[in-house]
Amino acid sequence: MSQVKPLKKPPGFKGPTIPIQMPPKPRKINIPPSFYQQKKKRRSCCCYCCCCCLIILILLLFLVAACGFLYLWFNPKLPVFHLRSLEFTKFNVTESQDGPKMNAQSTLVVELKNPNRELKIVYGDTRVELKGENDVNMGEGKVSGFVQEKKNVKVVKFVMKTSNEMLYGNSVGKVMSIGFKNKNLRVSADVNTDIGIGYNEWKSWKIGVRVSCGSLRLKQIENGATPKCGINLFNWFHLN
């Protein structure tokens, strides 16, 4: 009878009597405490910034909503300007070595209408420039700031005066003299002021406006023409 040969051991086989070698334990890395402190600080800073941004966004949304509600409730409107009258008390053109010079004095009346039912209109110091043909300065006047009540019409008088205004070119002087005598002289008025709104004791900030009362002949004004003036906001937005 043939003898049974023992089976060959597979590669890597270790008998039960041979101890199994365990892999070495990984070394523990010591992380300094400052690392965790910095990480916590970064997290807290991020949370703080997010909270601040969220609060600011909520406040802005609330402010926009409040402004929209107030605008719809009060429905603010700009004042309406009309050139009411213009009366000259003095006008003459004299010749000089430097050329013709003009002296003029007049009273300009502007009508202001506040169409708002609930809001006052607050005016700053108001200055008016009276211009003739070729943009000749025919006088300037000024009044101090005032408050116009709601649903109110106010008449403001300006005393206009100019002295020794040079008229460049003999033809300009003749045109001014002849135009004044036959009442065909064209004039225009520019009003510069600051306006805001008020409610009870509260007053808003003011914005600068320029009001242009279009070119009219003197005879048209004397016959009662009262044109509506155009308003320029921020020197770019024009309203009639």
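How much space lies in the largest pocket? In this predicted model, local features need pLDDT of at least 70 and side-chain atom pairs count only at pLDDT 80 or more, whereas totals for chains, interfaces and linings use all residues. Residues are numbered from 1 along each chain as its sequence is written, and side-chain values use heavy atoms, with hydrogens and water left out.

**View 1. The largest pocket holds about 730 Å³ of space.** A pocket is an open set of points on a 1 Å grid over the protein atoms alone, where a 1.4 Å probe fits, with protein on both sides within 12 Å along at least five of seven lines, and lining residues have an atom within 4 Å of a point. The lining comprises 18 residues, of which Y71, P76, I197, S204 and W205 lie nearest the centre. Elements giving two or more residues to this lining are α1 (33-74) and β8 (186-199). By class, the lining divides into 15 nonpolar, two polar and one charged.

**View 2. E129 and R127 meet in a salt bridge (2.6 Å, N to O).** The term requires a side-chain nitrogen of Lys or Arg within 4 Å of a carboxyl oxygen of Asp or Glu, and the structure holds four such bridges. E129 is buried at 13% relative accessible area, while R127, at 33%, is partly exposed; buried means under 20%, exposed over 50%, and partly exposed in between (1.4 Å probe, protein chains only).

**View 3. D190 and R210 form a salt bridge, with the closest N and O atoms 3.0 Å apart.** This pair links distant parts of the chain, D190 in strand β8 and R210 in strand β10 (residues 207-217), 20 residues apart. D190 is buried at 13%, and R210 is partly exposed at 28%.

How values were computed
Points joined across faces, edges and corners; volume = space filled by probe spheres on them. Helix = DSSP H or I, 4+ residues; strand = E, 2+ residues; numbered from the N terminus. Nonpolar A, V, L, I, M, F, W, Y, C, P; charged D, E, K, R; others polar.
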